[in-house]
Amino acid sequence: MTEPAEQDRHLNDLERELTLLSRHFIASRGPRIGQSLDRSAYVLLTRLETGEPLTLKELAHTFQADVSTINRQMSTMLGHGLVERIDAATKGGARTFRPTPLGLERLEADRAISRAGAARLIEAAGWDEERTRQFLTLMIEFNHGIEQLEGLARDRPQRAEGPSATG
């Protein structure tokens with residue numbers, strides 16, 4: 001059994017390492033040169049691309065944000081042609097949103113820059129494919145556990161093979 005003081009040290013270390021990982025990942029993308037989406041548009045489009053159209057309320061729940069915040073972000077995205085509003089009789093008559101082809105195109109372009117940054121981090125760590133796969137599996141399990149704890153159902157793209165099939 002782990003002593004409380006040792007648990008505290010582990011939690012302190014985990015918090016610090018997660019903070020560093022977040023900072024390193026964002027920095028790995030470099031300056032926003034070539035990227036066309038702001039962070040909120042990137043995150044919202046990443047969620048909207050994976051499933052059925054969502055309401056503002058569903059998006060607010062997913063991101064644990066106020067509906068007014070999501071509404072403002074979606075309005076900006078609508079104005080830029082990144083998403084479209086669907087007036088549907090489903091979901092209690094609430095309007096839903098889905099990405100437009102332009103939104104998906106810009107998301108993929110920015111994602112390519114993000115992937116290149118992730119590749120630089122993996123290379124800097126000196127990890128081979130197996131070590132990277134292990135890390136990915138642990139990250140998927142960790143994020144899934146958080147989503148379960150928070151009651152956040154997230155659609156994840158499924159892959160025929162590899163760690164994503166479990167997430």
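Biologist: Two strands pair if DSSP finds at least two bridges between them. So let's start there. What is the bridge partner of Arg85 in β3?

Modeller: Phe97 is the bridge partner of Arg85. Keep in mind that this is a predicted model, where local features need pLDDT of at least 70, side-chain atom pairs count only at pLDDT 80 or more, and totals for chains, interfaces and linings use all residues. Residues are numbered from 1 along each chain as its sequence is written, and side-chain values use heavy atoms, with hydrogens and water left out.

Biologist: How many bridges join β2 to β3?

Modeller: Four bridges join β2 to β3, and the two strands run antiparallel.

Biologist: And how many join β1 to β3?

Modeller: Two bridges, again antiparallel, with β3 spanning residues 96-99. Thr55 has Thr96 of β3 as its bridge partner.

Biologist: In what order do the strands sit in the sheet?

Modeller: The order is β1-β3-β2, in an open sheet of three strands with antiparallel pairing. β1 (54-55) and β2 (83-86) are at the edges, because each has a single partner strand, and one side of each has no neighbour in the sheet.

Biologist: Which strands does helix α2 touch?

Modeller: Helix α2 (residues 39-48) packs on the sheet and touches β1, β2 and β3. Contact here means heavy atoms within 4.5 Å. The direction of α2 makes about 100 degrees with that of β3. Such angles run from 0 to 180 degrees between N-to-C directions, with axes fitted to C-alpha atoms, for helices over the stretch in contact.

Biologist: Where does α4 lie?

Modeller: Helix α4 (residues 67-79) lies across β2 and β3. It runs at about 110 degrees to β2.

Biologist: Zoom out. How many helices and strands are there in the protein chain?

Modeller: Six helices and three strands. These are DSSP runs numbered from the N terminus: helices are H or I with at least four residues, strands E with at least two. Along the sequence the pattern is α-α-β-α-α-β-β-α-α.

Biologist: What percentage of the residues count as buried?

Modeller: 22% of the 167 residues do. Buried means under 20% relative accessible area, exposed over 50%, partly exposed in between (1.4 Å probe, protein chains only).

Biologist: Is Thr100 buried or exposed?

Modeller: Thr100 counts as buried, because its relative accessibility is 10%. Thr100 sits in the loop between β3 and α5 (101-125). Leaving aside residues up to four places away in sequence, Thr100 touches Gly81, Leu82, Val83 and Glu84.

Biologist: What about Gln64, buried or exposed?

Modeller: Gln64 counts as exposed, at 52% relative accessibility. Gln64 belongs to the loop between α3 (56-63) and α4. Its phi is positive, about 50 degrees, although Gln64 is not a glycine.

Biologist: New topic. Which residues form the nonpolar patch on the surface?

Modeller: Leu11, Leu14, Leu18, Leu21, Phe135, Phe142 and Ile146, with about 550 Å² of accessible area together. Patch residues have over 30% relative accessible area and no salt bridge; nonpolar side chains (Val, Leu, Ile, Met, Phe, Trp, Tyr) are joined within 5 Å, like charges within 9 Å. A salt bridge puts a Lys or Arg side-chain nitrogen within 4 Å of an Asp or Glu carboxyl oxygen. Areas use the Shrake-Rupley method with a 1.4 Å probe, and for residues only the protein chains shown count as cover.

Biologist: Which element gives the largest share?

Modeller: α1 does, with four residues. Two or more residues come from each of α1 (4-28) and α6 (129-150). Leu18 is in helix α1 and is partly exposed, at 36% relative accessible area.
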